[in-house]
Amino acid sequence: MRAVAWGILVVLTVTPGLAQADDDSFVATVSTARLAAPGPDSNLVHFATGGALSILWLEDCGAGRLCGALESSALFLRGDGEARLYDLSASITGSFSLVDNPVAPFVSVGLDLVSVRLPERDGDLTRGVGPGVHGNLGLQAILGERLFARGQIGYLGAAVGGVKGEVGIGYRFE
Amino acid sequence: MRNLLLAIIILAAGRGTAIADPTGLLVNGTLVKPISGENRVAESSGAGGEILMLPTSNWLVQIGGYGVFGRPATGALARDIFDVHLQVGMTPAERTSTVAPYACLGIDVLSITTRDHDKGETERGTTLGVSAQAGVLGRLGDRGLVKASGTYLGAIVPGTGDDLGGLVLQLAAGMAFD
């Protein structure tokens, strides 16, 4: 339990809350998410669907530069039957500038803390809390002054290893 | 757990080092060939992404990750590997060079699933690994960036206790930001 508390503390500490530059912006997003994992024949099959809430800190970044971002995200996935996956993550992102691109590609990687309940093939249930990793490739855009939109696909390796897709919208705070 | 916390802090600190310096954003195709468990463990393939930073003319920092899925084969284990890494290295070439060899070392956080199709068993877990990478970095035009690399990834596989001992081959392409 102490390990979980430390994990949450560190995840929250490295997130956008530490950003201090005046021109940087924060984005709060809500997403739908879907996770597919290897099935009995090793082909990817649907594992769970759900949603995520995220907070991003976007570096104020000029045209033609690689822009940094930090993100913390809470993911809630519900699968068929007993399968559940709850994931708190922290990510670092590198993105094309949104100043010179209406839609900017990005790459992000990060660490996860998951709580999972997982039905096994033999009918048993695996339950537990543990660390993990993730990575995403995606596109993000600022629509107008405040609206933020993002689509991403990537891997999630945290108890369940699979491919995750996410589509979300957000609101930008300056 | 203490190691995981350290890894998070390193990743967080890494962001501040060089975003304003020359950087690159790359996506890659990845193939993991087991060396220690050859013939007993199948190859794994997938994709990943990387943020490349060049804080000085000779040093480079890479933050990235990849996800690879094991190919099912009779009599062989399929191993899915999900990786996030931080690597620091050096290149002897000047920043204006078109082609630059480099080498780097790093720490990897790995989530590994080992699937035994014959027995219907699955082992999962997260661990830390160490990687040593050598490769070639090339510029294409003003902003194009390509990279070919080979990495030795050392870790103990959670659940099975096997030596991961894998050769990670990657081809990457992306954009450079000066």
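Residues are numbered from 1 along each chain as its sequence is written, chains are lettered from A, and ligands are numbered from 1, in the order in which they are written. Because the model is predicted, local features need pLDDT of at least 70 and side-chain atom pairs count only at pLDDT 80 or more, while totals for chains, interfaces and linings use all residues. Chain A forms a closed barrel of eight strands with antiparallel pairing, and a closed barrel of eight strands with antiparallel pairing is found in chain B too.

**Confidence**

- pLDDT is the predictor's confidence in each residue, from 0 to 100; its mean for chain A is 86, and 87% of the residues in chain A reach 70 or more.
- Residues 16-21 of chain A have a pLDDT below 50, and this stretch has eight contacts in the model beyond near neighbours in sequence. Two residues are in contact if their C-beta atoms, placed from the backbone, lie within 7 Å.
- Where pLDDT is low, the predicted coordinates should not be read in detail.

**Overall build of the chains**

- Chain A has one helix and eight strands, in the order α-β-β-β-β-β-β-β-β along the sequence. Helices (H or I, at least four residues) and strands (E, at least two) are DSSP runs, numbered from the N terminus.
- Chain B also comes to one helix and eight strands, and its pattern reads α-β-β-β-β-β-β-β-β.
- What share of the 174 residues of chain A counts as buried? The share is 45%, where buried means that 20 or more other C-beta atoms lie within 10 Å of a residue's own (exposed is 12 or fewer, partly exposed in between, with C-beta atoms placed from the backbone).
- In chain B, 48% of the 178 residues count as buried.
- Contacts in chain A with a separation of 6 or more come from residues 24 or more positions apart in 56% of cases; in chain B, 58% of the contacts between residues at least 6 apart in sequence join residues at least 24 apart.

**The barrel of chain A**

- The strand order around this barrel is S1-S2-S3-S4-S5-S6-S7-S8. Its neighbouring strands are turned by 25 degrees against each other on average, direction ignored; axes here are lines fitted to C-alpha atoms (for helices over the stretch in contact), and angles run from 0 to 180 degrees between N-to-C directions.
- Strand S3 (residues 66-79) is largely enclosed by the rest of the structure, because ten of its 14 residues are buried.
- On one side, S3(A) pairs with strand S2 (residues 44-58) in the antiparallel sense over eleven bridges; two strands pair if DSSP finds at least two bridges between them. In this pairing, A:Thr49 stands opposite A:Arg78.
- S3(A) is also joined by 13 bridges to strand S4 (residues 84-96), again antiparallel, with A:Ser72 and A:Ala90 as bridge partners.
- S3(A) and S4(A) make a hairpin with four residues between them, and A:Gly81 in the turn has a positive phi of about 65 degrees.
- S4(A) pairs with S5(A) over twelve bridges, in the antiparallel sense, and A:Gly94 stands opposite A:Val107.

**A look at A:Ser54**

- A:Ser54 sits in strand S2 of chain A. Why does A:Ser54 count as buried? There are 22 other C-beta atoms within 10 Å.
- A:Ser54 and A:Ser72 are 18 residues apart in sequence, yet 5.7 Å apart in space, C-alpha to C-alpha.
- Leaving aside neighbours within four places in sequence, the contacts of A:Ser54 include A:Thr29, A:Ser31 and A:Glu71.

**The barrel of chain B**

- The strands of this barrel run S1-S2-S3-S4-S5-S6-S7-S8, and neighbouring strands are turned by 20 degrees against each other on average, direction ignored.
- Strands S4 (residues 78-90) and S5 (residues 99-116) of chain B pair in the antiparallel sense over 13 bridges. B:His85 stands opposite B:Asp108 in S5(B).

**Nonpolar cores**

- A nonpolar core is a set of buried Ala, Val, Leu, Ile, Met, Phe, Trp, Tyr and Cys residues joined through C-beta atoms within 7 Å. The largest one has 67 residues, and A:Leu35, A:Leu85, A:Ala159, A:Val160 and B:Leu60 touch the most other members.
- Strand S5 (residues 103-119) of chain A gives the largest share of this core, eight residues.
- A second, separate core of five residues includes B:Val41 and B:Leu77.
- A:Ala159 lies in the loop between strands S7 (147-158) and S8 (160-173) of chain A. Its phi is near 70 degrees, a positive value in a residue other than glycine, and A:Ala159 counts as buried because it has 25 C-beta neighbours inside 10 Å.
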